[in-house]
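I opened this entry to record what I looked up in the model, in the order I looked. Each paragraph takes one topic.

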Amino acid sequence: MPNASTNQLPLSAVLVEIAAHGEAQISVAELTQMFGGRAIGALLFIFGLVCVLPLPPGSTTILGVPLLLLAPQLLIGASAPWLPQGVKRRTFPTAGLKAGLPRVIPWLQKIEAVSRPRLVLLFSPVGERLIGLVCTVLAVVLILPIPLGNVLPGLAVTLLAFSLIQRDGLIALIGFAVAVTSASVLVLAAHILVNMIHQAIHILSPA
């Protein structure tokens, strides 16, 4: 079980432990345990981050489920995270984590070194619920089987969750900007797809 010192480790140090996981599979429960008694933001961070990494197809659908359960808890003002046992037992390969995390950790360490509490009004009860709402919408997108549709939503969740942990409003604003960009890209992609379908129907329809 995690101890108090584990709970005080920087997020980058916890990611080092996750990258060193010796098994071929890791469960949602193990990821949750590695963060000990940390708040919902830490879990949103890790599940958002792994959705950005180059994991096998279908992994974001698995990892989007915890996000879809955690983000509404932030929306309603819950103080401690909760996940059902069925979700905790789900596993996914660690190969993607071992390949991707070593590239992420140095950047995270640099951000941790300069990050500080600022623009804290963004983390008022209303601000935190807004972050929860945005993360909930992004979690819905992540569980959908959209090719390459996980990167921007996962990055937005990661940034917003990290801003919660650090109480850094500048990072929150960047997270919101990425979320808006993600929505714009998805709307544009949907518009292009609908137009292609209409054109195909028109071409195939008898004159």
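This is a predicted model: local features need pLDDT of at least 70, side-chain atom pairs count only at pLDDT 80 or more; totals for chains, interfaces and linings use all residues.

I started at the loop between helix 9 and helix 10, where Arg167 lies. Arg167 is not a glycine, yet I find its phi positive, near 55 degrees. I note that most residues other than glycine have a negative phi. Arg167 counts as partly exposed because its relative accessibility is 30%, and the limits for that class are 20% and 50%.

I then turned to Leu119, which sits in the loop between helix 7 and helix 8 (125-142). Leu119 is also no glycine, and its phi is positive, about 50 degrees. I looked up its accessibility as well: at 48%, Leu119 counts as partly exposed.

Back to helix 9, for Ser163. Is Ser163 buried or exposed? I get a relative accessible area of 0%, so Ser163 is buried. Next I listed its contacts, setting aside neighbours within four places in sequence. Ser163 is in contact with Phe123, Ile131, Asp168, Ile171 and Ala172.

I went on to the whole chain. I count 10 helices and two strands. Along the sequence the order is α-α-β-α-α-α-α-β-α-α-α-α. The chain has 207 residues, and 41% of them count as buried. I also checked contacts with a separation of 6 or more: 75% of them are between residues 24 or more positions apart.

Helix 2 (residues 11-19) was next. Which of its residues are buried? I find Leu11, Ser12, Val14, Leu15, Ile18 and Ala19. Looking down the axis of helix 2, I see these buried residues fall within an arc of 155 degrees, so they line one face of the helix. An α-helix has 3.6 residues a turn, so residues three or four places apart point the same way. I then asked what covers the buried residues of helix 2. The cover includes strand 1 (25-27), helix 3 (28-34), helix 4, helix 7 and helix 9.

The largest pocket holds about 360 Å³ of space. Helix 4 (40-52), helix 7 (95-114), helix 9 (151-166) and helix 10 (169-204) are the elements that give two or more residues to its lining. The largest share, five residues, comes from helix 7. In total I count 18 lining residues. Nearest the centre of the largest pocket lie Leu108, Ile111, Leu155, Thr158 and Leu159. By class, I sort the lining into 14 nonpolar, two polar and two charged residues.

Last, the cysteines. How many disulfides does a search of the whole structure find? The search finds zero.

Definitions and conventions. Residues are numbered from 1 along each chain as its sequence is written. Side-chain values use heavy atoms; hydrogens and water are left out. A disulfide is a pair of cysteine sulfur atoms within 2.5 Å. On a 1 Å grid over the protein atoms alone, a cavity is a set of points where a 1.4 Å probe fits but cannot get out, and a pocket is an open set with protein on both sides within 12 Å along at least five of seven lines; lining residues have an atom within 4 Å of a point. Grid points are joined across faces, edges and corners, and a volume is the space filled by probe spheres set on the points. Helices (H or I, at least four residues) and strands (E, at least two) are DSSP runs, numbered from the N terminus. Ala, Val, Leu, Ile, Met, Phe, Trp, Tyr, Cys and Pro count as nonpolar, Asp, Glu, Lys and Arg as charged, and the others, Gly among them, as polar. Buried means under 20% relative accessible area, exposed over 50%, partly exposed in between (1.4 Å probe, protein chains only). The arc is that of the directions from the helix axis to the C-beta atoms. Contact means heavy atoms within 4.5 Å.
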